[in-house]
Amino acid sequence: MLKSVQQKRLAPEGYVYATYGHPRYLKHAVASVVSLRRYDEDRPVALACTEKHENILEEHGLAGIFDHIHILPEENASIVGFKHHLHKFMFFEKNIFLDSDIIWCKDPENLWKSFEPYPFTVTGTQISDNFFGGPKNIGIVADILLRRRKRTLDHFGLTYLSRVQTGMVYAQDYNLTKKVSELAQKMLDRKDETHFRSRTLEQGRSEESCEWSMAMAMSKLDLPVYPWLQGHTSPQLDYISDLTSHDADFEYVVCKYYSDRFVYSFRGLKSNLLRKLLVNIFSLIPGKGDYLKTTPYCLHFGWYHQKQPFFEFSERTWNRLVKNYRPKTEKKKRFRES
């Protein structure tokens, strides 16, 4: 068993990353922290990782990138293993948990202030659509006609279902975070009673999603999501190549953001031609084609067909650090199992 995280709090506010599996994910987290340090040099960053990843950091003299390193138990080295147990990794009084495929684009000071009223929250939208947890193809028609989403909500006694984007999670209340984590795991255990599809089967991914189960838990506990799409104050926006202007190292980032949520949802379409066609059609309706240009706090490379620029940035950043970084003689403090 891990020692109580409440006895390990290291600072008032801090960032938490988790890495496991292929070493490229460790490189991603390192690149993300490098981008973070452009804007926040003071708040500590903790990494929960496998011992293999810690050894890689030590071998290349890069352990100093992180202020604290925690060895991740095997049972927590997966998406649901980590995100359904966030209470075990609240190393700070106030924590921002982050996916590794994120690039920071501006000073997060005001973001921290805006999170303050929430004891626990996840970025998202108040209402999820039928695609959330469902098929991402023509199969969605059957879900809509058979009202599968509504049947799931009724079966679990829910009146609404938010759409959460767990690339950014904020937690400062240990007991509430534990309650959300445990309830999300129970929801996942009852997956056969829902209409949700397994991402491992439907999308060819190697791990199960944690998002619909966390969304159900938050709905059951009536917890608000943190608004994901806020225009100029958006905590994170998706990287879409032809909607994002940036330099090679993402020091300058500007996103094209459509004010209409439905029109902006076209960003996930793989075909740029189809997206532009749909935007042009809907732009015939006043207001539907309105957009602004903004810099979010974070740029999230969540779409598989849009990840290549981040892969290149991550590899370039890692190689530069390995070449120039000088290891410290003293290892970073890390947390151990009791």
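**View 1. T166, a buried residue of strand 7.** T166 has a relative accessible area of 4% and is therefore buried, a word used for residues under 20% relative accessible area, while exposed stands for over 50% and partly exposed for what lies in between, with a 1.4 Å probe and protein chains only. T166 belongs to strand 7, which covers residues 163–171; strands (E, at least two residues) and helices (H or I, at least four residues) are DSSP runs numbered from the N terminus. Leaving aside residues up to four places away in sequence, T166 touches K83, D99, V122, C210, E211 and M214, where contact means heavy atoms within 4.5 Å. The model is predicted, and local features need pLDDT of at least 70, side-chain atom pairs count only at pLDDT 80 or more, and totals for chains, interfaces and linings use all residues. Residues are numbered from 1 along each chain as its sequence is written, and side-chain values use heavy atoms, with hydrogens and water left out.

**View 2. The crossing of helix 7 and helix 9.** Two packed helices are described by the angle between their axes and the distance between the axes. For helix 7 (residues 174–189) and helix 9 (residues 211–220), the axes come within 8 Å and cross at roughly 120°; axes are lines fitted to C-alpha atoms, for helices over the stretch in contact, and angles run from 0 to 180 degrees between N-to-C directions. Helix 7 and helix 9 are therefore oblique to each other, given that angles under 35 degrees count as roughly parallel, over 145 as roughly antiparallel, 65 to 115 as roughly perpendicular and the rest as oblique. Helix 7 contributes V180, L183, A184, M187 and L188 to the contact, and helix 9 contributes W212, S213, M214, M216, A217, M218 and K220. These residues of the contact of helix 7 with helix 9 divide into 10 nonpolar, one polar and one charged, where Ala, Val, Leu, Ile, Met, Phe, Trp, Tyr, Cys and Pro count as nonpolar, Asp, Glu, Lys and Arg as charged, and the others, Gly among them, as polar.

**View 3. The contact of helix 1 with helix 12.** The axes of helix 1 (residues 23–36) and helix 12 (residues 308–324) come within 8 Å and cross at roughly 80°, which makes helix 1 roughly perpendicular to helix 12. On the side of helix 1 the contact involves L26, K27, H28, V30, A31 and V34, which meet F310, F311, F313, S314, E315, T317, W318, R320 and L321 in helix 12. Sorted by class, this contact has nine nonpolar, three polar and three charged residues.

**View 4. V30 in helix 1.** V30 lies in helix 1 and is buried, with a relative accessible area of 1%. Not counting residues up to four places away in sequence, V30 touches L57, I65, F66, W318 and L321. V30 and L321 are 291 residues apart along the chain, and their C-alpha atoms are separated by 9.5 Å.

View 5. Most residues other than glycine have a negative phi. D222, in the loop between helix 9 and strand 8 (226–227), has a positive phi near 55°, and D222 counts as exposed at 56% relative accessibility. F250 lies in the loop between strand 10 (244–246) and strand 11 (253–258); its phi is also positive, about 60°, although F250 is not a glycine, and F250 is buried, with a relative accessible area of 1%.
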